[in-house]
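Reader: I would like to learn how to read packing and pairing in a model like this one. Can we go feature by feature?

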Number of protein chains: 8
Amino acid sequence: MDEKSLQNLLSRCQAGDLTIDEVVAAMRRLPFEDIASARIDHHRALRCGFGEVIFCAGKTPEQVGEIFSALAAADQNVLATRATREMFDAVAAGNPQAVFWDMGRAITLQQKPSEQIGHVAIVAAGTSDIPVAEEARVTAMICGANVTTHYDVGVAGVHRLLAELSDLQQARAVVAIAGMEGALASVVGGLVSVPVIAVPTSVGYGASFGGVAALLAMLNSCASGVSVVNIDNGFAGGYNAALINRQIGK
Amino acid sequence: MDEKSLQNLLSRCQAGDLTIDEVVAAMRRLPFEDIASARIDHHRALRCGFGEVIFCAGKTPEQVGEIFSALAAADQNVLATRATREMFDAVAAGNPQAVFWDMGRAITLQQKPSEQIGHVAIVAAGTSDIPVAEEARVTAMICGANVTTHYDVGVAGVHRLLAELSDLQQARAVVAIAGMEGALASVVGGLVSVPVIAVPTSVGYGASFGGVAALLAMLNSCASGVSVVNIDNGFAGGYNAALINRQIGK
Amino acid sequence: MDEKSLQNLLSRCQAGDLTIDEVVAAMRRLPFEDIASARIDHHRALRCGFGEVIFCAGKTPEQVGEIFSALAAADQNVLATRATREMFDAVAAGNPQAVFWDMGRAITLQQKPSEQIGHVAIVAAGTSDIPVAEEARVTAMICGANVTTHYDVGVAGVHRLLAELSDLQQARAVVAIAGMEGALASVVGGLVSVPVIAVPTSVGYGASFGGVAALLAMLNSCASGVSVVNIDNGFAGGYNAALINRQIGK
Amino acid sequence: MDEKSLQNLLSRCQAGDLTIDEVVAAMRRLPFEDIASARIDHHRALRCGFGEVIFCAGKTPEQVGEIFSALAAADQNVLATRATREMFDAVAAGNPQAVFWDMGRAITLQQKPSEQIGHVAIVAAGTSDIPVAEEARVTAMICGANVTTHYDVGVAGVHRLLAELSDLQQARAVVAIAGMEGALASVVGGLVSVPVIAVPTSVGYGASFGGVAALLAMLNSCASGVSVVNIDNGFAGGYNAALINRQIGK
Amino acid sequence: MDEKSLQNLLSRCQAGDLTIDEVVAAMRRLPFEDIASARIDHHRALRCGFGEVIFCAGKTPEQVGEIFSALAAADQNVLATRATREMFDAVAAGNPQAVFWDMGRAITLQQKPSEQIGHVAIVAAGTSDIPVAEEARVTAMICGANVTTHYDVGVAGVHRLLAELSDLQQARAVVAIAGMEGALASVVGGLVSVPVIAVPTSVGYGASFGGVAALLAMLNSCASGVSVVNIDNGFAGGYNAALINRQIGK
Amino acid sequence: MDEKSLQNLLSRCQAGDLTIDEVVAAMRRLPFEDIASARIDHHRALRCGFGEVIFCAGKTPEQVGEIFSALAAADQNVLATRATREMFDAVAAGNPQAVFWDMGRAITLQQKPSEQIGHVAIVAAGTSDIPVAEEARVTAMICGANVTTHYDVGVAGVHRLLAELSDLQQARAVVAIAGMEGALASVVGGLVSVPVIAVPTSVGYGASFGGVAALLAMLNSCASGVSVVNIDNGFAGGYNAALINRQIGK
Amino acid sequence: MDEKSLQNLLSRCQAGDLTIDEVVAAMRRLPFEDIASARIDHHRALRCGFGEVIFCAGKTPEQVGEIFSALAAADQNVLATRATREMFDAVAAGNPQAVFWDMGRAITLQQKPSEQIGHVAIVAAGTSDIPVAEEARVTAMICGANVTTHYDVGVAGVHRLLAELSDLQQARAVVAIAGMEGALASVVGGLVSVPVIAVPTSVGYGASFGGVAALLAMLNSCASGVSVVNIDNGFAGGYNAALINRQIGK
Amino acid sequence: MDEKSLQNLLSRCQAGDLTIDEVVAAMRRLPFEDIASARIDHHRALRCGFGEVIFCAGKTPEQVGEIFSALAAADQNVLATRATREMFDAVAAGNPQAVFWDMGRAITLQQKPSEQIGHVAIVAAGTSDIPVAEEARVTAMICGANVTTHYDVGVAGVHRLLAELSDLQQARAVVAIAGMEGALASVVGGLVSVPVIAVPTSVGYGASFGGVAALLAMLNSCASGVSVVNIDNGFAGGYNAALINRQIGK
């Protein structure tokens, strides 16, 4: 409901094509619809740049399938995160073109012809961080970005990271993913001139407190261009990077 | 020290203009210098897009003045945050063109002809959040962004925020600043299609735990395009937004 | 044991109908009884407005059945929360009119003719919050309130909430249920003129810390009429709203 | 901006008295105004039942005076909390009828003829909790409630509380204020049949963690009708109780 | 190794019955022995008043059986806490007189003729606290105390507790066991003139944080004679009470 | 108000000496009185074994003086903790026999002829723990115990503690006071056969978190007879030890 | 890539044996290689003194087997920690000489002729700490140290520890392992003149918070030569001790 | 009191030169002495390798002076940390050769001819970490180590650290000091083959929580040879490094 539609409504009201009550009602009727388990917000693609994303954790395969189909019916690209294979089966029944990303625990459906643009780089500290990194990668991809990945480049062997430097320095945004002490974000942030989206992971044990150690490290990064998303939130990492990438254009 | 300079060094070495030891030494001599209280990293402007920023808290006015002058001598723009007027006096003695931003507790020196581009929007929930917001504003400005501000638009009166919507929706990045329950970031994040940099503030008392409540709320935002920086870190908010703004270009 | 009964006891004592020891004993014998697994407080309905509620978690189906029957024997309405179907089976054996609320994980037995009065509104941010919301709904209902529900109206799409506004503004109390960043309570609190009982839920992951993020957000709400109950405590949300609703009367 | 005004606007638009652009503009112009330090929300009294309250902490006396006068100019009752005497002096200069409540650290201005109704009871555990209790009392009073207070009735001498029972049982809402172990809320909650608003205070030391111990105790209250507000938030305690009291009417 | 044995050793050394090296060795050989899985400290009964207690959690049934038999071989009473029935089976094989306390999850072996003395009272807030309370009861019993128990006397119905008062006031020590808000310890502490050992339990959910809320409440008790042991540590509650009881004598 | 007085009241009622209303009123009139700043509980000495203790922190010298005099008027011993010299001056004006304990920050007034009995031992780990230890000592003393002290016997030089062993082993209760890692309680608990009251102190820095490290260590003591009180609560340490000491008698 | 190899590269460049681009490329090509699941850093043995260690938790047996074989192929000693027997089976298939340490949950492969030197002592407080202690022992061993162990010597029976003193005092480094209150590190630290590496364990319950109590105690140790590693990190304990041992030489 | 003195005592006893009681007494009389404010442990130098160190925080200048002189009288080197200039003045009065280290807030007295050996390297991330680094440097020095320092080499400009690499790689132990995200320890740990003692500092703000972020990062370091001491504990950093250095010898 932007100003243009409002002006249009008012014009039609002024012209007598719509009664006052019809205008009031129209202003109420925003573009979402009720299905059994969720109130879907089709409007979001316009408002936020990408449609509603399905966060599968805590939902049944049936619910995931139902919501997925509802979103697919609007002819947009669909993304479901934290998905299990069982959920994918429920989705695939009604959406045979949907793809399951095993490592990244995601389901995508590409309905709009895609032209990948720009460059988002994803770096991950250890092999255990890869599921989160893959969630970021799939997300950035479905949002239209070219993506490069650099895994197992933790700071305990900083030369591994330095070897990847030229690719990182060419990216438009970098997603830095690490658990344990989360130092990767700071080191990367000191090496590149673009925004770094830091994703702490719950990888670690003991005093890592399920990712809190990495989260705090990233929030306190001494490098300037670093911002942080929730623990294990690979989706947010990829999404923010893709938003930046998309704005810059081709 | 990029590949080009390396190749240049090697050429001169191959040509016999430089001995091997001279090359090794040159590769060691990276562009930072020692002054009494800090090792200044002039290289950072090239590597990260903006020169080293002076975080004044915990430094004496003399130290601030000394570091400021060293950075100024490199003919770049200079930014000092968390500055007091007393620090400014120490800076101004040697840098008469430096400007003090009282509300934002910052000192700037604009040495390169500036052309402000693009659009960064800064929203703050309450009047007590304004110092953090102003730090963000000054930072984004010195980094070359046009900035609009919307203060006192907290979610307890959501119509105040909605009234500012069209400006927010035209920005390239939004900095959302709030203490207490930090809900502003989520509401803004649901209304715009560009990255939202959320800055929790220590405004509040009791169970706000010095900004932790707002920080956690922002990290858990149900809106997708939100990333978070440290509590009260207005600088990081403005800097990240300006990085995004700059990449998009004019 | 109120003043009237005390005066009555004393009168009978003065009249010689009761010995002193009998009076002392009577004052000791407050209206609770011992069954095997719990000391039931039948007096509570008088003292607090609703009888003792069975919190089933950590009890065996047999214990739940036993306590339920003991409460039912006092001819009052009975409510058991956090119940499983297996517990319900144990209850239903002896109380065939008991009803199981699957989504809200509750068992009720309506023994007193009910006249639902007033209006309690329940809003929940996401689909995962619905079990807590349903617990609130069943509780408010068995306590005699008319209830309306508005689910999946989280603040990331604030127009969804605004669309429900007129119903919310007609309620006598609103229960606002949300996990993640818990911002719903603040936005609702800024829109209505009645008490808002905020229920944080453990929905979320990472830095939501099992509901702590939402709890803190709600405690720090910048809206004035908001009070908070324990994480996932839908019962307390519904109960407090119903207490308010009942006091106002028809 | 309710439906009636909207319909009125549209009628005038339809009638040609207003252009479309004027309507759009009017819909933007919601009833708040900008003064130097805050965006005042005069609309709140209609929407929420009481006008905006000034939280003085972190504001200068000048800012408090300015905001107070702006609110006073709207002919409503005004309340400022966490006020110092110095702030009061700034307020009193322009508002000679304003009253300073030393113990409760509040400033009030009663502009509308007041008729105190109903009954709110305030209980506080120890003498150190009195400032918070007084803030609650002043708030409930300015919101139109008759208030009774019972101070120094902590649970370590439970007979002191029991002696006050009949007054508590006649109240429409009880505000229970305690620091240290915060047990007062549970004991009171088990004795009355009306909502108990629990206010944890920062009174205590060591493992009280500035009120966290009391806060947690109150959130975990085994009594059913207890809800909780932020640490030391006497205002919220009194406000919520007064909201309930007001709804019930005379 | 007390002064008497030392003097004895030295006498024998002086008399030539022991060489110097034998004395040095004897002073090293303190009364513990090595078995496969633990270094048993038979000396503790002398030093601390009760032999080593077996904490079964994290041990295999075989280990429990082995340690139990080693302690039993020293003809003292034996206590094993946090035991499962499977562990008991392993114990009973070699110690047919051992007893399993199902509710209190403990195994005891009474080998010394017992004369129960004095009076320890155990109060527990809710039915879910009973396992911890029973652990306390079995412990106090095996340590020679007469024990009375009062379960389900939580403070939300304070009259239930007051009804038990005369027994509590006759005890030599009271163990107060509660989860959730842990207020029981304070109320009991205000009613008796003997030491109260408070045992927080992990009963509760959400913001009870596994017993932390009750622990903090008990540590901050406004009643003077309250000391606290670890969460769910019924053993320590019973043991400390029994220590006090035993010192007073018959 | 014990059973005897109740029976006496009832007898007089039965005999017509008292009306029913007089009895009801008498039962209400429990032995506490109102002074300006606190509701004093003279009854506590009977109920709990020692009169109300004044916790001075957060009170003005005038308040302390007033409460102190009110308690002194009841001819009991009086103890005020966390007192400053300024508070003592206010007390001494009206109570010339009051004594100020500089190191222990306490004021006492010994009005009942004292016969010190038994033996309480107080051990403190470091010199910085002495103020808390002295508070414990003064408290135990005014409660009638003979007290021995052993300061600066921290576990980093365990021989210092072992050298004091024979005195510790003769005490009826030991108060173990330590900050930093709080290990003293465990080592002492393993060496004596009487209750150990552990008092964590806020001595330390960094990860001692104001005494939390010591508190947790003490709660997790692997020695059996250890119970814990609040951080820096020397009073509770001395009081609990004295309670135990007093029960045993001469 | 040390200075010598750099000079060598440059010489060959100067001599024309290598082109400039080849030199730049060589400087990029640091000695690590990519296998499917991890980027192995063979260089680490040179740089850090021991090759990369496999942390098995969160890896599949296949991944462990693959990485193990890759490391083994470099003819170095290999260590895998937190291994299950299932993982060992996967390793043993390709590395028949690998050894599984059941208690210490580790796999080792000794390929270089070993000469154990020096002396590392490992002390553990309780039987439940043994798995962590064994991980430390296996680690120190594979790193070439002679190791002595002293288990079940917790401070609640400090004589048990003192009996082991002469061995501890002869070690070059001591690893002190304890859960619960973690006091062992402080007592040991006060008795020896060599570095103590403290390893907190997650042994305990309730307020041990999964090892946090022991961790904090160790960080706050009043003994000077104590440093701390992560909770349950027996590997780091053994590794640090072995590093010290190795530096001292035979 | 080692075995030799014990054997000597026993010989003299056997020879009749000492009575048994004299031996017992001698064994009690361990080498510490009482002065007014502390029990000094002269024995520690033998047992632990360096005499008792004075932690000045919380002591008066007089106490510091008194303890310093007592330690100095034993002809050993003396170290006092966290000292103010005022404390130094009190020390210098009686110990004119004592030296004050302004930046490191330490006082030293070198009484034994010193021969500095080996090599300890100290790296600090930022200029604000220098006081802690200087405390480490002075400590290592007084303990006999040659020390090199590398300040302002934080990871946000990792080339600054790499430029110092050859010195770091030649040290026998490295002390890595950093606040904020504490990543320095991990990067250094990955570059050297000797033990790294990590010292988190309280430098930072907001979510650094007074050094907790750095502490957690360091405990979770992905590099193997890192151990950690308390926040801001430069002394422990220097002391542990010096212990290692000393063991290796010249």
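Reader: At what angle do helix α11 of chain C and helix α11 of chain D pack?

Author: Start with the terms. Helices (H or I, at least four residues) and strands (E, at least two) are DSSP runs, numbered from the N terminus. Axes are lines fitted to C-alpha atoms, for helices over the stretch in contact, and angles run from 0 to 180 degrees between N-to-C directions. Here, in a predicted model, α11(C) and α11(D), each residues 234-248, pack at an angle of about 30°, with their axes 8 Å apart.

Reader: What is the handedness of the crossing of α11(C) and α11(D)?

Author: A crossing is left-handed if the near helix is turned anticlockwise from the far one by less than a right angle, and right-handed if clockwise. The crossing of α11(C) and α11(D) is right-handed.

Reader: Which residues make the contact?

Author: Contact means heavy atoms within 4.5 Å. I244(C), Q247(C) and I248(C) meet I244(D), Q247(D) and I248(D). For classes, Ala, Val, Leu, Ile, Met, Phe, Trp, Tyr, Cys and Pro count as nonpolar, Asp, Glu, Lys and Arg as charged, and the others, Gly among them, as polar. This contact of α11(C) with α11(D) has four nonpolar, two polar and no charged residues.

Reader: How do α6(A) and α11(A) cross?

Author: Their axes come within 7 Å and cross at roughly 35°. The crossing of α6(A) and α11(A) is right-handed. From α6(A), the contact uses V132(A), E135(A), A136(A), T139(A) and A140(A). From α11(A) come G234(A), F235(A), G238(A), Y239(A) and A242(A). By class, that gives six nonpolar, three polar and one charged residues.

Reader: And in chain B, how do α4(B) and α5(B) cross?

Author: Angles under 35 degrees count as roughly parallel, over 145 as roughly antiparallel, 65 to 115 as roughly perpendicular and the rest as oblique. Helix α4(B) (residues 61-72) and helix α5(B) (residues 85-94) have axes that come within 8 Å and cross at roughly 40°. The two are therefore oblique to each other. Their contact is made by P61(B), V64(B), G65(B) and F68(B) on α4(B), and E86(B), M87(B), A90(B) and V91(B) on α5(B).

Reader: Now sheets. In what order do the four strands of chain A lie?

Author: Two strands pair if DSSP finds at least two bridges between them. The open sheet of chain A runs β3-β4-β6-β5, with mixed pairing. Strands β3 (54-55) and β5 (99-101) of chain A each have a single partner strand, so one side of each is left without a neighbour in the sheet. Strands β4(A) (78-81) and β6(A) (106-109) pair in the antiparallel sense over three bridges. Within this pairing, L79(A) has T108(A) as its bridge partner.

Reader: Which helix lies across β4, β5 and β6 of chain A?

Author: Helix α6(A), residues 130-142, running at about 170° to β4(A).

Reader: How many bridges join β5(G) to β6(G)?

Author: Three, and the strands run antiparallel. F100(G) has I107(G) as its bridge partner.

Reader: What confidence does the predictor give?

Author: The complex has an ipTM of 0.81 and a pTM of 0.85. Per residue, pLDDT is the predictor's confidence, from 0 to 100. Chain A averages 85, and 86% of the residues score at least 70. Over residues 28-38 of chain A the pLDDT is below 50, yet this stretch has 31 contacts in the model beyond near neighbours in sequence.

Reader: Which conventions apply?

Author: Residues are numbered from 1 along each chain as its sequence is written, and chains are lettered from A and ligands numbered from 1 in the order in which they are written. Local features need pLDDT of at least 70, side-chain atom pairs count only at pLDDT 80 or more, totals for chains, interfaces and linings use all residues, and side-chain values use heavy atoms, with hydrogens and water left out.
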